[in-house]
Amino acid sequence: MSVRPHLVFLISCFLVLYLGLPSAAQPLKVYIATDMEGCSGVTCSEQVAAEEGKQLMAGDMNACIEGCFAAGATEVVVRDHHGSGQNVNPQVIDRRAKLIQGSTPGQRFKDVEGAAAMILLGYHAKALTPGGTLAHSYSSASIQGMWLNGREVGEIGVDAAIAAEHNVPVVMVSGDDKCCAEARSWLPGVVTCQTKQGTGPQSADLVPVEESRRLITQKTKEAVAKRNEIRPIKIDYPATIRWDYLPKGSLRTHNPSFKPFDNPRRVEKTGDSVEALLVGKSP
């Protein structure tokens, strides 16, 4: 016996309203901002600087893309956000996704408009986090610490604030256990995906790579399904970012021999946009 059309309609409405699945009339765009230090299998600077790190990053991207489409995404944008933003080979990235590489002056997240959710993939804890694998705040060579409106912050909090300026919630963060804890402290309800346990600035106890990627796909599906339950974070404006800069020639903050400076050079900026404060003219 065939199912009556009105019953099909009612079932479709249930799936859309209660399970978070998109309908044919509702496109679902997901934005994936990808760093490298928190990716599956990455533990040290040597990997990050080598082809190995790029391949590990690409594998995590594909695992996350798979989870997005499995959750009903109709459009996925992936931003290569490590260093110069030109790390992965475009030929190995899932062709269903749009890959953005290279510099995007004045924009932290190019083409984020219209996204229903953002994922911070392969991220790391803020600078000087005890036990954080490759922990730093944007520049391990020049920045000892950052504060947003008086609260110590790293890339997770600042990037979530920028996403909020575009009305996009961060729904998932992947990285080591310290990264995940930092994400939960900034983002109520966020889904976290632990790819490793940080044991030091250049070490970690790793989740096996294939298992980690299966977890990324699973957590991505969970997070995208929860997107309507997670709101963009709220930041008071005008916002103030403070940077503590290291002297030139200092060891990197994730060098095991690094010792914090008592009196770093301090720069503070206030404005109506966290994104403008971050990607505007350098102090």
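Reader: Which residues touch the most other members in the largest nonpolar core?

Author: First, the general idea. In soluble globular proteins, nonpolar side chains tend to be buried together. A nonpolar core is a set of buried Ala, Val, Leu, Ile, Met, Phe, Trp, Tyr and Cys residues joined through side-chain atoms within 4.5 Å. Buried means under 20% relative accessible area, with a 1.4 Å probe and protein chains only. Here the largest core has 39 residues, and Met 118, Leu 148, Val 173, Leu 187 and Val 274 touch the most other members.

Reader: Which helix gives the most to this core?

Author: H4, with seven residues. Helices (H or I, at least four residues) and strands (E, at least two) are DSSP runs, numbered from the N terminus.

Reader: What is Met 118 in contact with, leaving aside neighbours within four places in sequence?

Author: Contact means heavy atoms within 4.5 Å. The partners of Met 118 include Tyr 31, Phe 109, Ala 163 and Met 172.

Reader: How many residues are in the other core?

Author: That core has 35 residues, among them Leu 56, Met 57, Val 224 and Ile 230.

Reader: How many helices and strands does the protein have?

Author: Seven helices and eleven strands.

Reader: What share of the 283 residues is buried?

Author: Buried residues make up 53%.

Reader: How should I read the model itself?

Author: The model is predicted: local features need pLDDT of at least 70, side-chain atom pairs count only at pLDDT 80 or more, and totals for chains, interfaces and linings use all residues. Numbering runs from 1 along each chain as its sequence is written, and side-chain values use heavy atoms, leaving out hydrogens and water.

Methods
Buried means under 20% relative accessible area, exposed over 50%, partly exposed in between (1.4 Å probe, protein chains only).
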